[in-house]
Amino acid sequence: MRPVIEQSAAELARAVGAKEISARDVIEATLAQIDAVDGSVGAYITSLHEMARASALAVDRRIAAGEKMRLAGVPVAVKDNMCLAGTRTTCGSKILGDWIAPYTATAVQRIIEAGGIPVGKSNLDEFAMGSSCENSARGITRNPLALDRVPGGSSGGSAAAVASRQAVVGLGSDTGGSIREPAAFCGVTGFKPTYGRVSRYGLIAFASSLDQIGPLARTVEDAALIYEVMAGHDGMDSTSIDRDVEPAVTAMRSDLRGLRIGIVKEFDTGKLGHEIDALYKRAFADLRKLGADLVDVSLPTAEFGLATYYLIAPAECSSNLARFDGVRYGLRVDGADVGEMYERTRAAGFGPEVKRRILIGTYALSSGYYDAYYVKAQKVRTLIARDFQRAFEECDLIACPAASSPAFGFNAKSDPYSMYLMDYYTIPMSLAGLPALSVPCGSVTGEGAHEPLPMGLQLCGPLFSECALLGAAHAYEQASQHAKEYKLAI
Amino acid sequence: MTQWESVIGIECHVELKTNSKMFCACPNEFGGEPNTKVCPVCLALPGALPVANKIAIEHMIRAGLAFGAEIPEFSKFDRKNYFYPDMPKDYQISQYAMPLTQGGAVRYWLADGSMKECRLTRIHLEEDTGKSLHAGTTGRIAGSSHSLIDFNRAGVPLMECVSEPELHSADEAIGYLEALKRTFVQLGISDVKMEEGSLRCDANVSIRPAASTELGTKAEIKNMNSFRSVHRAIESEIARQIEIVQSGGRVVQETRGWDEGAGRTHTMRSKEQTHDYRYFPDPDLVPVEVDRELVESIRTALPELPHERFARYRGHLKLTPAQATQLIEDAALGDYFDACVSASGHAQQSANFVLGDLARLANENRMALYDSPVRPEHVGELVRMVESKTINSKIAKDLIARMWAGDGSPAAIVEREGLAQSSDVGTIDPFIDEVLRANEKSVMDFRAGKTNVLGFLVGQVMKASAGKANPRIVQERMREKLG
């Protein structure tokens with residue numbers, strides 16, 4: 001039998017359920033790995049050793065009592081923008097101080113009810129704003145495959161934890177690519193479901209109309225399993241969709257026969273350099289070898305995605321983050337009056353990227369600019385969604401890069417705009433609310449790199465096409481086996 | 001000398017009566033220990049999300065339909081962004097671009113019974129804030145060392161009613177407010193208690209030359225905590241503005257606070273602070289699709305509204321404005337009265353009893369008339385017996401006391417105890433003869449011209465007949481016999 005920490009969630013849950021191994025042993029092995037490697041990776045802001053041990057005992061008791069659980073004993077990394085009762089929740093910011101969440105996010109609660117065990121709260125760019133985890137005020141996370149490089153972001157902590165076997169699966173949140181890009185950088189699968197599929201209750205909001213919780217995992221099947229456990233309507237979130245969740249785990253397939261996969265004309269991989277271009281051409285060819293028909297599709301407005309996103313997301317964030325005011329919880333820096341207290345608290349509590357977005361968003365919503373910026377951005381968002389609708393009349397899924405480069409070095413993206421460009425390929429799907437994932441598709445030798453760096457293939461489908469999407473990704477993953485090429489640097 | 005017309009618009013905030021708050025499951029109840037009716041949602045803890053209260057939305061539709069407003073098929077919630085310590089999210093969920101109701105009008109009446117109408121700009125739904133308590137001797141923010149916040153009220157559903165500037169006196173403003181209040185009580189959608197803060201209102205007041213159609217510069221008056229203070233504040237503000245303009249000055253646009261003790265308004269914010277609330281649709285809440293069937297079922301179930309009842313009482317039943325108003329003030333009393341009228345067929349006499357002797361007994365016993373043993377059909381019997389002169393007013397008074405005491409049907413009492421009034425000369429004459437015999441001096445006085453003894457003699461007959469003789473017949477027969 002392979003070591004516990006190498007096994008998939010599906011394998012572990014089966015073994016724990018069959019009492020071949022106890023949840024306690026699974027958790028001890030995972031905690032030992034955290035103790036051994038997290039000093040050099042930095043995936044977690046807060047590790048939950050004691051809570052995880054107590055939870056493991058509880059799971060073992062439930063097993064002994066005859067309960068069947070789909071995630072029995074599975075160690076889970078929880079991005080630190082999700083509330084878990086009794087644990088410090090920081091959003092990677094200073095502004096929350098040592099705030100302890102008094103309640104648990106619905107998605108996390110569903111994982112726990114299914115027997116999953118949170119082992120740590122993982123690092124992220126502050127309030128999920130960033131693509132490298134460098135915007136965290138709570139420490140650095142290193143890419144476990146190349147320690148001198150970033151893990152991506154904003155769900156970089158969960159991606160790094162899963163890649164370095166410090167958790168079997170991780171929870172991330174994706175607003176403009178925050179699950180898919182770090183998954184690509186760390187050589188794992190990252191899946192953003194259709195907007196509204198997974199409840200946002202307890203996910204600390206960045207941009208409410210875009211945020212979506214999803215899994216990071218070492219196999220597509222595990223991603224499907226976690227998705228299935230979390231998805232479904234929640235009365236605590238009005239934007240969660242009241243619609244049946246089709247079984248995703250059983251939708252895994254071994255070929256792509258009968259599928260039309262669209263290649264987006266405007267996403268010319270030739271612009272990404274010879275090596276990356278060749279990698280994606282090979283990936284597309286592999287899809288065809290599996291039986292897919294490749295068709296050319298056009299997303300003429302997709303190029304406006306970035307500009308649109310950087311109006312809508314900051315606008316929503318400027319309002320969502322107003323509540324961090326020093327009055328009720330978290331950091332407070334006193335002042336002569338309440339106004340000064342607000343100013344000092346927020347000046348000290350938020351990092352530069354968060355402040356930049358609050359300012360952009362406040363401006364975009366201001367009287368006199370609202371129509372020119374926010375309203376126009378909403379119109380473009382509708383056009384982008386329509387482009388996808390039209391494209392999906394000609395194809396079943398779309399394939400494209402998950403990111404324009406492999407993981408980069410620390411401080412390599414010194415200006416905000418070059419960092420924003422990292423999400424060029426993921427933002428349009430977010431604006432359209434579509435399900436999309438990144439699955440390993442090989443590696444390239446990055447600029448100045450000593451080792452090959454993973455790349456991700458992004459697949460995207462129409463609204464609610466989770467099963468088709470995960471099924472196709474599984475076929476590609478099983479045929480290509482790219483994850484096996486990746487070597488941990490720890 | 002110029003005649004001035006005042007122009008008033010009223011903005012009301014009315015807390016809706018629901019079991020739970022607007023966006024969470026916390027109880028919507030007045031009072032309680034501070035911060036005991038709170039949860040992650042109404043405290044705006046990180047990650048918490050609002051879910052709209054369906055009953056509050058139905059109440060809004062009820063209010064809109066009662067005022068003849070349009071109920072659009074789609075409505076949205078917007079965020080009104082500004083920082084304030086007792087507002088937990090630092091934005092208020094409100095409605096800006098697409099409120100649940102648009103237009104409509106409030107029909108109200110004045111003390112003289114005249115009906116008036118004031119159009120509504122809109123009624124929209126929002127959430128209440130918490131309450132700041134300033135520590136220190138004054139209880140005001142100035143001079144306090146620190147403030148404490150009670151979030152029990154945060155998130156309570158709040159209906160904002162904005163009137164057009166179509167009221168022209170303090171009396172009209174009060175008439176309008178009373179009509180709003182009665183309608184909300186009648187619809188069961190709010191308690192409308194100013195003292196508990198479930199009704200709060202601001203008045204926009206301006207003046208203009210009587211013939212003008214342009215609006216003058218307005219002052220917004222705040223801090224009025226009873227209808228009486230609204231009336232006083234508006235009168236005082238109108239007088240202030242007229243004085244300014246007549247002495248050659250100009251009214252400045254500002255927010256003014258009403259000082260109850262001093263009896264005048266004072267500047268609160270000398271220049272209107274230009275707040276940019278950065279309204280935008282709340283992405284946490286899906287647009288409200290207003291189901292047409294729901295609207296129709298609410299419309300069908302609407303009760304008779306106060307202004308409709310007023311028109312009926314005044315028109316068909318010919319009650320006085322004061323009587324009609326009293327019976328509308330307490331809709332259950334009005335229903336009781338209506339039952340009395342249908343049992344008796346006589347509106348005015350029913351109103352006399354319901355608002356007279358019966359109201360006095362109810363008041364003395366601290367019990368609502370409709371909760372007392374006096375049934376409307378009994379009042380009906382009583383009224384019919386009085387109208388048909390079967391009993392006289394003295395017997396009626398006694399009967400009322402006995403009905404209150406639980407003796408049941410007054411007709412049965414009259415029948416059982418032979419209390420029916422007699423107009424039969426054969427029955428009455430022996431009583432008269434007896435009285436005339438026993439009071440010879442009075443008879444002589446009368447014949448000598450002191451006709452005022454007649455009253456005394458009639459009284460004696462009434463006494464002798466145990467109140468059953470018809471006093472009109474007694475008097476007639478007495479004059480004949482003395483004549």
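Predicted model: local features only at pLDDT ≥ 70, side-chain atom pairs only at ≥ 80, totals over all residues.
The largest nonpolar core has 266 residues, and the members touching the most others are A:Leu397, A:Leu459 and B:Ala173. This core lies between domain 1 (4-294) and domain 2 (330-417) of chain B, because both of them give residues to it. Another core, of 11 residues, lies apart from the largest one and includes B:Phe431, B:Ile432, B:Leu457 and B:Val458.

A helix pair in chain B comes next. Helix H8 (residues 347-355) and helix H9 (residues 357-364) of chain B have axes that come within 3 Å and cross at roughly 20°. With angles under 35 degrees counting as roughly parallel, H8(B) is therefore roughly parallel to H9(B). On the H8(B) side the meeting residues are B:Phe353, B:Val354 and B:Leu355, and on the H9(B) side they are B:Asp357, B:Leu358 and B:Ala359. By class, that contact holds 5 nonpolar residues, no polar ones and 1 charged.

As for how the two chains meet, 33 residues of chain A are in contact with 23 residues of chain B. On the chain A side, helix H9 (305-320) and helix H10 (338-349) each supply at least two residues, and H9(A) gives the most, with 3 residues. That side of chain A is made up of 16 nonpolar, 11 polar and 6 charged residues.

Finally, a few backbone spots deserve a look. In chain A, a cis peptide bond joins A:Gly153 and A:Ser154, with omega about 5°. A:Ser154 sits in the loop between strand E3 (117-122) and helix H5 (156-163) of chain A. In chain B, B:Asn35 is not a glycine, yet has a positive phi of about 60°. B:Asn35 falls in the loop between strand E1 (4-15) and helix H1 (54-66) of chain B, and is partly exposed, with 14 other C-beta atoms within 10 Å. B:Lys389, likewise not a glycine, has a positive phi near 60°. This lysine lies in the loop between helix H10 (376-387) and helix H11 (393-404) of chain B. B:Lys389 counts as partly exposed because 13 other C-beta atoms lie within 10 Å.

Methods:
Residues numbered from 1 in each chain as written. Chains lettered and ligands numbered in written order. Core = buried A, V, L, I, M, F, W, Y, C linked by C-beta atoms within 7 Å. Buried ≥ 20, exposed ≤ 12 C-beta atoms within 10 Å, placed from the backbone. Domains from an automatic or database assignment. Axes fitted to C-alpha atoms, helices over the stretch in contact; angles between N-to-C directions. Helix = DSSP H or I, 4+ residues; strand = E, 2+ residues; numbered from the N terminus. Parallel < 35°, antiparallel > 145°, perpendicular 65-115°, else oblique. Contact = placed C-beta atoms within 7 Å. Nonpolar A, V, L, I, M, F, W, Y, C, P; charged D, E, K, R; others polar.
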